[in-house]
Amino acid sequence: MSRLKQITEAVRDAGSLGVADLATMTGASEMTIRRDLEVLAAQGVLERYRGGARSLLLRGEEPPFALRSDENTDAKRRIAAAVAALIADGESVVLDSGTTCLEVARLLHDRRLTVMPLSLHAVNALSSSSTLTLLVPGGRPRPGELALTGPLTLASLQALRFDTAVIGCCGLSAAHGLTAFDLEDASVKRAAITSARRVIAAVDASKLTRTALAHVAPVSALHAVVTDADGDDGLTAAGVTVVTA
């Protein structure tokens, strides 16, 4: 776990913590902790006060995109490569929002595909491609995340049928299925799953067995799960193909 993530979770769980406590917990110097707190304050994760910081995140709330984008990057790139290998040239693909799906977008840039990304981050990553047909849905981008949500996004998904949906998530378990922190995001994910013939979930190990607020779909709705974990017997028992990246 990165130090920034460790600090974020500790302050969120406690409500507020002092610099000295965080230095003891992480083994870093107080000067380093102060710099880390400035970075996290700029990302909207916490609020500084003299000698410490208080969390601006609610328990069960997703950390900001800017913080997540620097976490588990090697694992996300391996997952993205494995997902890209499952997609054949000529397919139509709806690509979910999130940091792992953004890595998938980068690998699809030079492919001969039709892709509709569900975030402006991925739209930007694919916009310069000369080989790919890019479809841009309507909708309202969530601040920071830039995930597209709302009735225009849902209407765009309902109007189309894709070969493959690549879905990210905030949590996945055999018991509770695929879950998300944001209610509007969960609605978009459900619509993307409904619009596709095949559904691939791109999930790093930290999301397995975690359950977030909003239920998206049972694991039976997934055809494959690509993860960096060693596998999940519950998912396999449910008939889901688990691909280890």
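In strand β3, G52 is the bridge partner of G18. This pairing was found in a predicted model, in which β1 (residues 16-18) and β3 (residues 52-55) run antiparallel and are joined by 3 bridges. Strand β3 also pairs with β2 (residues 46-49), again in the antiparallel sense, over 4 bridges. Within that pairing, E47 stands opposite R54 of β3. The two strands β2 and β3 form a hairpin with 2 residues between them, and G51, located in the turn, has a positive phi of about 90°.

Helix α1 spans residues 3-14 and has 12 residues. The distance from its first C-alpha to its last is 16 Å, close to the 16 Å expected at 1.5 Å a residue. The buried residues of α1 are K5, I7, T8, A10, V11 and R12. Just after the helix, G15 adopts a positive phi of about 95°.

Nonpolar side chains in soluble globular proteins tend to be buried together. In the present model, the largest nonpolar core has 33 residues, of which L157, L172, L178, L222 and V225 touch the most other members. Two or more residues of this core are given by each of β9 (162-167), β11 (177-180), α9 (183-194), β12 (196-203) and β13 (214-217). Helix α9 provides the largest share, 5 residues. When residues up to four places away in sequence are not counted, L222 touches L172, L178, V199, A201 and V240.

Definitions and conventions. Residues are numbered from 1 along each chain as its sequence is written. This is a predicted model: local features need pLDDT of at least 70, side-chain atom pairs count only at pLDDT 80 or more; totals for chains, interfaces and linings use all residues. Side-chain values use heavy atoms; hydrogens and water are left out. The expected span of a helix is 1.5 Å times one less than its number of residues. Buried means under 20% relative accessible area, exposed over 50%, partly exposed in between (1.4 Å probe, protein chains only). A nonpolar core is a set of buried Ala, Val, Leu, Ile, Met, Phe, Trp, Tyr and Cys residues joined through side-chain atoms within 4.5 Å. Contact means heavy atoms within 4.5 Å. Two strands pair if DSSP finds at least two bridges between them.
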